[in-house]
Amino acid sequence: MSRRPMMAANWKMNKTVREAQEYTAALLPRAADAKEVDVAVLVPFTCLHEVARMAEDTVVTAGAQNFYYEDSGAYTGEVSVPMLLDVGAGAVIVGHSERRETFCETDDLVARKTKRAIEAGLLPIVCVGETKEERDAGDMWDKVSGQVRRVMEEFEDADGESIVFAYEPIWAIGTGDTATPEDAQDAIGKIRDLLREAADRDFADTVRILYGGSVKPENAAEIMAQQDIDGALVGGASLEVASFVELVEAAQNAVTPSEQTED
Ligand code: PGA
């Protein structure tokens, strides 16, 4: 795989500052061993400052799970990109299906937020994915391609390293019902083809596309072995540092299997 794999933990609405400190202290030395993997932890706003402080000058990127695209003003309850940068965030999830579904985020909002993050040099991890009903009705690609196209409309000279996509079929999130590696590859391969059209070949070859939805140590190797899958965005299995470390190691192993076997 020519693209550098990424393993990203999405803690969702979990962990106090104390719990975040313990987790980060345990993760940092283990992540440092996975030299070929980009490791990100996307944490609640309340512990972001502390996790970013601990992760400064390490291989782990601390990031947020959301923000609003305006820089400041009368937006009660929101957090802006300059605020995230101020506390040391390097990445942010945009358009997670839980935000799209529970907090009514539209494709337009997701596209504007993605644009703002990129302008500011904050790496957006943009989530796309279909519901079970859409998949059963044969509408998976209509939904996913529409989401990807809307984001790409905002760019002219897109740089593939400035954005990460995550294909997260909604029916696989938190359900234990993982997409088969073949289904995940099929969707992600199609997204890459679409990006070749919507941007260009160089962008499509460079951009990382993660899979998300019930990734765990038992299925990570198979998922990472797929040609177009560059890593994972992990919820449940990222909450325990031990299982997240196993996932980071699976990503490392996908790049350098021989070294791992010799160990
Ligand atoms: P899960 O969540 O790994 O618990 O399915 C993934 C996500 O929502 O990003």
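## Salt bridges

The structure holds 25 salt bridges, a salt bridge being a side-chain nitrogen of Lys or Arg within 4 Å of a carboxyl oxygen of Asp or Glu. The model is predicted: local features need pLDDT of at least 70, side-chain atom pairs count only at pLDDT 80 or more, and totals for chains, interfaces and linings use all residues. Residues are numbered from 1 along each chain as its sequence is written, and side-chain values use heavy atoms, with hydrogens and water left out.

One of the salt bridges joins Asp-230 to Arg-3, with an N to O distance of 2.9 Å. Asp-230 belongs to the loop between helix H10 (217-224) and strand E8 (231-234), and Arg-3 to the segment before strand E1 (6-10), so this pair ties together parts 227 residues apart in sequence. Helices (H or I, at least four residues) and strands (E, at least two) are DSSP runs, numbered from the N terminus. Asp-230 is buried, at 0% relative accessibility, and Arg-3 also counts as buried, at 12%. In these terms, buried means under 20% relative accessible area, exposed over 50% and partly exposed in between (1.4 Å probe, protein chains only).

## Further pairs and a network

In the salt bridge between Arg-99 and Glu-105, the closest N and O atoms are 2.8 Å apart. Arg-99 is partly exposed, with a relative accessible area of 21%, whereas Glu-105 is buried at 8%.

Glu-134 pairs with Lys-143 in a salt bridge whose closest N and O atoms are 2.9 Å apart. Glu-134 is partly exposed at 22% relative accessibility, and Lys-143 is partly exposed at 22%. Elsewhere, salt bridges with shared partners join Arg-3, Arg-192, Asp-228 and Asp-230 into one network.

## Overall fold and dimensions

The protein chain contains 12 helices and 8 strands. Its radius of gyration is 17 Å, close to the 18 Å that the globule rule gives for 263 residues, so the chain is as compact as a globular protein of that length. The radius is taken over C-alpha atoms, and the globule rule is 2.2 Å times the number of residues to the power 0.38. Along the principal axes, the C-alpha atoms fill a box of roughly 45 × 45 × 35 Å.

Of the 263 residues, 51% count as buried. Among contacts (heavy atoms within 4.5 Å) with a separation of 6 or more, 72% involve residues 24 or more positions apart.

## Surface and charge

The protein chain exposes about 12000 Å², of which carbon and sulfur atoms supply 46%. Accessible areas come from the Shrake-Rupley method with a 1.4 Å probe; for residues, only the protein chains shown count as cover.

There are 25 positive and 50 negative side chains, and the centres of the two sets lie 2 Å apart. Lys and Arg count as positive and Asp and Glu as negative, while His and the chain ends are not counted. The place of a charge is taken as NZ of Lys, CZ of Arg, CG of Asp or CD of Glu.

## Positive phi values

Lys-12, which is not a glycine, has a positive phi of about 55°. Lys-12 is placed in the loop between E1 and helix H1 (17-33) and is partly exposed, with a relative accessible area of 22%.

Ser-214, likewise a residue other than glycine, has a positive phi near 55°. Ser-214 is found in the loop between strand E7 (208-212) and H10, and counts as buried at 15% relative accessibility.
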